[in-house]
Amino acid sequence: MTIPRDIIPLSNTVVPSSPSLSAFFNAGASPSYETSYFPVVPKKQLKPFNTGDIRILLLEDIDRTARELLQKEGYQVESHTSSLRDSELAEKIRDVHVIGIRSKTKLTASVLDHAENLLAIGCFCIGTDQVDLEYAAKRGVTVFNSPFSNSRSVAELVIAEVIMLARRICDKSMEMHFGTWQKGSTRSREIRGKVLGIIGYGHIGSQLSVLAESMGMSVLFYDVVPLMAIGKAKQVKSLAELLVSSDFVTLHVPETLETRDLIGRTELETMKKGSYLINASRGCVVDLQALCEVMRSGHLAGAALDVFPREPSDDGPYFNEDLARWVTEIRDLPNIILTPHIGGSTEEAQEAIGAEVGGALLRYINFGCTIGAANMPEVTLRSLTVAEESHLRVIFIHQNRPGVLRQVNDILGDHNVDKQMSDSRGDIAYMMADISKVDSTEVQALYTKLEVLSCEIPKFLSPLRPYFGSTR
Ligand SMILES: NC(=O)c1ccc[n+]([C@@H]2O[C@H](COP(=O)([O-])OP(=O)(O)OC[C@H]3O[C@@H](n4cnc5c(N)ncnc54)[C@H](O)[C@@H]3O)[C@@H](O)[C@H]2O)c1
């Protein structure tokens, strides 16, 4: 299980100090954002910058939590409730330092080519498919997203579905809508004492485990890695063991080659007779054709599907046979809950996404911290404080090839480097260093040397150059 972003340890401040271009000069009158995740540490600026110079464009009605966080910081924030037409996007993206989008805006290489000052992209959603991540990295543009902010929303939906399936609520409700009053307890059950089998015990699976136990269920889980069970949950050794032992089986695995059709005919037939299947992970994880057949045979008592191997790209009457053959069959099955991929779609999740991505952008702009980046190495250093007056932060984004770091370090080596961190991801490397005891003339000289170096190294990337260029 990956560590949830919001529990990154913060002891003694993970927040690094200030921004840069090819050099990030430690900024003083510290940004005043306050989040529960990041304690505010007073800082001293060597080369202050005006936060009002940072231009941010937010599209697609991004949650106001993010807007307010960024505005409070003093950035210029322009927000739109929808996406923009291609020509308008090309025009608007030219000057901004940050663009915030959700899933509709496509930031392809050709769109990114219009951006002259872009430092970062905030995807205020789970996925990043809409952005050419590699190209953005090559241009030194860091992309942030929020993969786990809606875990609780998914877990709550699944718990609701467990009860709805056990009581056949959707069919009952449908009958009532058609005017039929049909009482009776046959095939309606409590969930207390039943076994919930969770496949994939990550962010969602483990939340769900807590909720299920609090409702009196026993929890088994299967995961490819050994994990610490929460409460009385028990990890089983094989998928088959989970399938034969569970009254409800719920999937919470990522989409990978290994998870494609993880639940096919054999697995469905291995499940207990009269059990239920829930999939709110990824559509390709369940073979829907096999599910239809096994449900028609009466082996399973019900299912809930929030995700599908093919999903309509727009809202409207598109969940039909044009999408796939199984759609018509699934729509006709009894006791099957169908939802349009809304597991994580709640106002609370949007708010959490706004806070996470907004916070990540802020830490990147102000401090160069790339923790949570989707296309850059994750690099951070602890903060500089007011006590450290003559400090400078240098950030160098460059091609990951032999010799570059040595040249950077040759320049830094004339100074007192307090701390340094460098990491690479594919072709891109990201170096952050804090230098102490520098005076303003040295800063200028160092800056110039790095600028010269940036010209000497092919494809040297410096996303913050346009911004800092204006403050020289
Ligand atoms: N329906 C929605 O709206 C919605 C919303 C959010 C997330 N999701 C999806 O839910 C899924 C789970 O999300 P998460 O945040 O819990 O992910 P996560 O990365 O925190 O956890 C996934 C877990 O699955 C395990 N796993 C990987 N391959 C496995 C395999 N072959 N067999 C068993 N376990 C395996 C991993 O070890 C990990 O513990 C993802 O596919 C995600 O895209 C759907």
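Q: Leaving aside neighbours within four places in sequence, which residues is Asp 247 in contact with?
A: Lys 194, Val 195, Lys 272 and Ser 275 are in contact with Asp 247, once neighbours within four places in sequence are left aside. Two residues are in contact if their C-beta atoms, placed from the backbone, lie within 7 Å. Keep in mind that this is a predicted model: local features need pLDDT of at least 70, side-chain atom pairs count only at pLDDT 80 or more, and totals for chains, interfaces and linings use all residues. Residues are numbered from 1 along each chain as its sequence is written.

Q: Where is the place of Asp 247?
A: In the loop between helix H8 (239–245) and strand S9 (248–251). Helices (H or I, at least four residues) and strands (E, at least two) are DSSP runs, numbered from the N terminus.

Q: Is Asp 247 buried or exposed?
A: Buried, because 21 other C-beta atoms lie within 10 Å. The cut-offs: buried means 20 or more other C-beta atoms within 10 Å of the residue's own, exposed means 12 or fewer, and partly exposed is in between, with C-beta atoms placed from the backbone.

Q: What separates the C-alpha atoms of Asp 247 and Val 195?
A: 5.2 Å, with the two residues 52 apart along the chain.

Q: Ligand next. Which residues come nearest to it?
A: Gly 200, Gly 202, Ile 204, Gly 343 and Gly 344, out of 34 residues around the ligand. A residue is near a molecule or strand if its C-beta atom, placed from the backbone, lies within 6 Å of it.

Q: Which helix gives the most to that shell?
A: H7, with three residues. Helix H5 (151–166) and helix H7 (203–214) each supply at least two.

Q: How do the shell residues divide?
A: Into 15 nonpolar, 14 polar and five charged. Here Ala, Val, Leu, Ile, Met, Phe, Trp, Tyr, Cys and Pro count as nonpolar, Asp, Glu, Lys and Arg as charged, and the others, Gly among them, as polar.

Q: Why does the ligand lie between domain 1 and domain 2?
A: Because both domain 1 (49–150 + 346–383) and domain 2 (151–338) give residues to the shell around it. The domain bounds come from an automatic or database domain assignment.

Q: Now the cores. In the largest nonpolar core, which residues touch the most other members?
A: Ile 56, Ala 120, Ile 121, Cys 123, Val 143, Phe 144 and Leu 361, in a core of 69 residues. Helix H12 (residues 347–367) gives the most to this core, with 11 residues. Apart from it lies another core of 50 residues, including Leu 165, Ala 166, Leu 242 and Ala 304. A nonpolar core is a set of buried Ala, Val, Leu, Ile, Met, Phe, Trp, Tyr and Cys residues joined through C-beta atoms within 7 Å.

Q: What is Ala 120 in contact with?
A: Beyond its neighbours within four places in sequence, Ala 120 is in contact with Val 98, Val 141, Thr 142, Phe 144, Leu 361, Tyr 364 and Ile 365.

Q: And Tyr 364, buried or exposed?
A: Buried, because it has 24 other C-beta atoms within 10 Å. Tyr 364 lies in helix H12. Not counting residues up to four places away in sequence, Tyr 364 touches Ala 120, Thr 142, Cys 369 and Thr 370. Tyr 364 and Phe 144 are 9.6 Å apart, C-alpha to C-alpha, and 220 residues apart in sequence.

Q: Switching to H10. Which of its residues are buried?
A: Leu 288, Leu 291, Val 294 and Met 295, in a helix that covers residues 288–296. They are on the same side of H10, because they cover an arc of only 120 degrees around the axis. That arc is taken over the directions from the helix axis to the C-beta atoms.

Q: What do the buried residues of H10 pack against?
A: Helix H9 (265–270), strand S10 (275–279), strand S11 (300–305) and helix H11 (326–332). Gly 298 follows H10, and its phi is positive, near 85 degrees.

Q: What about the phi of Asp 61?
A: Positive, about 55 degrees, although Asp 61 is not a glycine. Asp 61 lies in the loop between strand S1 (55–58) and helix H1 (64–72). Asp 61 counts as partly exposed, because it has 14 C-beta neighbours inside 10 Å.

Q: Last one: how many helices and strands does the chain have?
A: 15 helices and 15 strands. Of its 472 residues, 44% count as buried.
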